[in-house]
Amino acid sequence: MQTVQPRSLPLRLPRVRPGGVLPILLILAVLLVLVGIRQPDFLAPPSLMSFLGRSAPIILLAAGQYFVIVSGEFDLSVGSLVTAQVVVAARLIDSDPARTWPVVLLLLAFGALVGLVNGLVTTRLRVPSFITTLGMFLILVGAVYLWSDGAPKGGLSEEFRRFGRRAFEDVPLLGRVPYALLVLVVLAVAAVLLMRSDFGRTLVAVGDNPRTAELSGVRVWRTRTIAFILSGLAAAVAAILLGGYSGVSFQAGAGLEFGAITAVVLGGVALGGGRGAVVGAMLGALTLELLFALMNFYGVSGALRSTVQGGIILLAVAVSATRSSSR
Amino acid sequence: MAALAAVTVLSLAACATDEPAAGPSGSAPAAGSGTGEQSKFFVQADYDAELSLLSATATGPADKPWEQVLNPTMVDTAKFKKNGPHKICFSNAALNNPWRQVGFKTMQAEVEAQKSRIKEFVHVDAEGKDQKQIADINDLLGKGCDALIVSPNTTATLTPAVEAACQAGLPVVVFDRGVNTKCPVTFINPIGGYGFGHVGAEFVSQKMKPGGKVLALRILPGVDVLETRWSAAKVAFDKAKVDVVGVEFTDGDPAKTKKIVDDYIQRYGTIDGVWMDAGAVAVAAVEAFQDAGKPVPPMNGEDQLDFLKIWKDKKLTAIAPTYPTYQWRTPVIAALRILDGEQVSNPWKLPQPTVTQENLDQYLDPNMPPLHYAMCGCTDLPGYPQRWK
């Protein structure tokens, strides 16, 4: 006995909508099976939990990047923003635990400010976003070097580092639950709720067709600027987690902007905006990390990772381009 | 639009993630013991000489290793004798890492300690650029310096600039990295990279469980002082028939190091020994084991305080060969001796102490910052400890 309601679901799912999350779920499932064959231990709760904790920063960055991409723009500045945040945090905290919380707040404000500048330059000065954020990328790289004389100074307090390093121990069934994973879950739920709100629909509408959105009364510049601010905030949280995980590093954020964009594209989000789900973007990041883990188990050189990312981005964009032209 | 964007993204990625392309990846599986081909920087005679220096007795005051010399060969300096106080000039390769920061502060403190004899100390930082250092040395020659100290950025490129300085007639003292000319009055450095690499590798091979897996972490390829460290370690590992499962480049970055070590722990389940060519990322490697819930295997670090502290706190099985920062004191002392017409040794080989379990407490000062180097020989200098904090 089946009601009409559940039957309509399986009917709708096989018709893969552009921007849907089904393809990425399939890829993720295949990778999980492959990992399970090669390294069964990896799927045991403790190592799976720590894998999810380590992947939290890139997943958050993918969510941040999603907001910008779905609204029709790019944010290439997040990697250098993460590095800048980690270096700034180390210098300001200077191993003094009492400064942890003020610096955390300052980092969030700094991330939002960088996003605001990116957004305003893009929308008000009409500079294409990949030029704006490329400029911001270079400005931040240069500023960090200038400010630190090329060698990291200071240190992060243990209180600051625990967000990215520590975990709730002895949790029933799961063993160890990293704080980073909890931060991720909370923010992922928030991101999904945000995309279901009026703002989320407006954001997608702006990316789909800015002119129509404008004509129907949406302030496109404001919506896009908020998307950049969200990306900046995501970078700030990622920086707190990454700085916590690895300590003071000049390469804390190296290449992350590319990783985030690859993840978003892999998650079925259309470059150019208007299509795709934030869950897809986050699953894309998780899939990418799992793919790297699998490559590691097979002893593939870490140097090949950027090559693989490049291949993925070309393939994913090509697939989505064919699909949208046949729409 | 999307395609254009993708192209832009790709070209950006090419500049943002150029680390893997910067050097051949060490993770390429090598035949045999896993240590791969011997470095082309390896010179057997130098290796033998350095290993014999490790057990040589130094002449000079035992409590001042920066004034000590191993196997001294004295040279005459009477022709440089000059009445003081002097103007001493220093062309510095760079200040771009904590080792050089600590070293330079030590040198400044030495200058202050000798202030009755030094009327002016001119420091020019080449910021890690050969061309700037060549220009810097040239500029300094016109500034009326009584002696010139050079810490060369690279060996071959700076040789002509140092030769030009020698021809200008003032005494030249070179330290840390060398140049391909005998014209400086003296060349000051500690025993060197072979000694450093050998001490760490021998310790790890002896302390780890037999037949275990070793991970070797290197900063970057192609730099002589680092190549010698690795090539000596390779000899030691090959001799001990150790299974070196990976030789990886970290760029001296803790984030990258932690990721690499973590990857190896995941791939092999466990790693039984870690060797590294420089200690800056030792703590990141220790953390990778801690965070993976694995025991920290026998390993080497360097005399940076963050490592010495975690070594003591976590009771690690560790050793710390050093490339002592006290060598930054010696060029000032040497320059003043030369200007007095006193004989100095050329080359001036400084002892290169090792921090071991037995003398760890003597070097571990918990009040100093984590990136400070214990072997600074600076505790008797003006402004200690504040200047180094």
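**Close-up views of a two-chain model**

**Figure 1. Contacts of B:L148.** Leaving out residues up to four places away in sequence, B:L148 touches B:C89, B:S91, B:L140, B:A165, B:L170 and B:V172. Two residues are in contact when their C-beta atoms, placed from the backbone, lie within 7 Å. The model is predicted, and local features need pLDDT of at least 70, side-chain atom pairs count only at pLDDT 80 or more, and totals for chains, interfaces and linings use all residues. Residues are numbered from 1 along each chain as its sequence is written, while chains are lettered from A and ligands numbered from 1 in the order in which they are written.

**Figure 2. The nonpolar cores.** The largest nonpolar core has 106 residues, and those that touch the most other members are B:I88, B:A147, B:L148, B:V173, B:V214, B:A285 and B:A335. This core lies between domain 1 (24–49 + 193–321) and domain 2 (63–190 + 326–350) of chain B, because both give residues to it. A second, separate core of 93 residues includes A:F160, A:A191, A:L242 and A:V278. A nonpolar core is a set of buried Ala, Val, Leu, Ile, Met, Phe, Trp, Tyr and Cys residues joined through C-beta atoms within 7 Å. A residue is buried if 20 or more other C-beta atoms lie within 10 Å of its own, exposed if 12 or fewer, and partly exposed in between, with C-beta atoms placed from the backbone. In soluble globular proteins, nonpolar side chains tend to be buried together.

**Figure 3. The two domains of chain B.** The C-alpha centres of domain 1 and domain 2 of chain B are 32 Å apart. The domain bounds come from an automatic or database domain assignment.

**Figure 4. Helix α8 against helix α13 in chain A.** Helix α8 (residues 179–196) and helix α13 (residues 278–297) of chain A pack at an angle of about 150°, and their axes are 9 Å apart. The two helices, α8(A) and α13(A), are therefore roughly antiparallel. On α8(A) the contact is made by A:A188, A:A191, A:V192 and A:M195, and on α13(A) by A:V278, A:V279 and A:M282. The contact of α8(A) with α13(A) has seven nonpolar residues, no polar and no charged. Helices (H or I, at least four residues) and strands (E, at least two) are DSSP runs, numbered from the N terminus. Axes are lines fitted to C-alpha atoms, for helices over the stretch in contact, and angles run from 0 to 180 degrees between N-to-C directions. Angles under 35 degrees count as roughly parallel, over 145 as roughly antiparallel, 65 to 115 as roughly perpendicular and the rest as oblique.

**Figure 5. Helix α7 against helix α8 in chain A.** Helix α7 (residues 158–165) of chain A packs on α8(A) at an angle of about 70°, with axes 6 Å apart. This makes α7(A) roughly perpendicular to α8(A). Here A:R162, A:F163 and A:G164 of α7(A) meet A:Y179, A:A180 and A:V183 of α8(A). The residues of this contact divide into four nonpolar, one polar and one charged. Ala, Val, Leu, Ile, Met, Phe, Trp, Tyr, Cys and Pro count as nonpolar, Asp, Glu, Lys and Arg as charged, and the others, Gly among them, as polar.

**Figure 6. Helix α11 of chain B.** In helix α11 (residues 305–313) of chain B, the buried residues are B:D306, B:F307, B:L308, B:I310 and B:W311. Their cover includes α10 (282–291), β13 (318–321), β16 (354–355) and α13 (360–363) of chain B. Just after α11(B), B:K315 has a positive phi of about 50°.

**Figure 7. Two cis peptide bonds in chain B.** B:G84 and B:P85 are joined by a cis peptide bond with omega of about -5°. B:P85 sits in the loop between β3 (74–75) and β4 (86–92) of chain B. Another cis peptide bond joins B:N346 and B:P347, with omega of about -5°. B:P347 sits in the loop between β14 (344–345) and β15 (348–350) of chain B. Most residues other than glycine have a negative phi, and most peptide bonds are trans.

**Figure 8. B:R267 and chain A.** B:R267 belongs to helix α9 of chain B. With 16 other C-beta atoms within 10 Å, B:R267 is partly exposed. B:R267 touches A:N296, A:F297 and A:G299, with residues up to four places away in sequence not counted.
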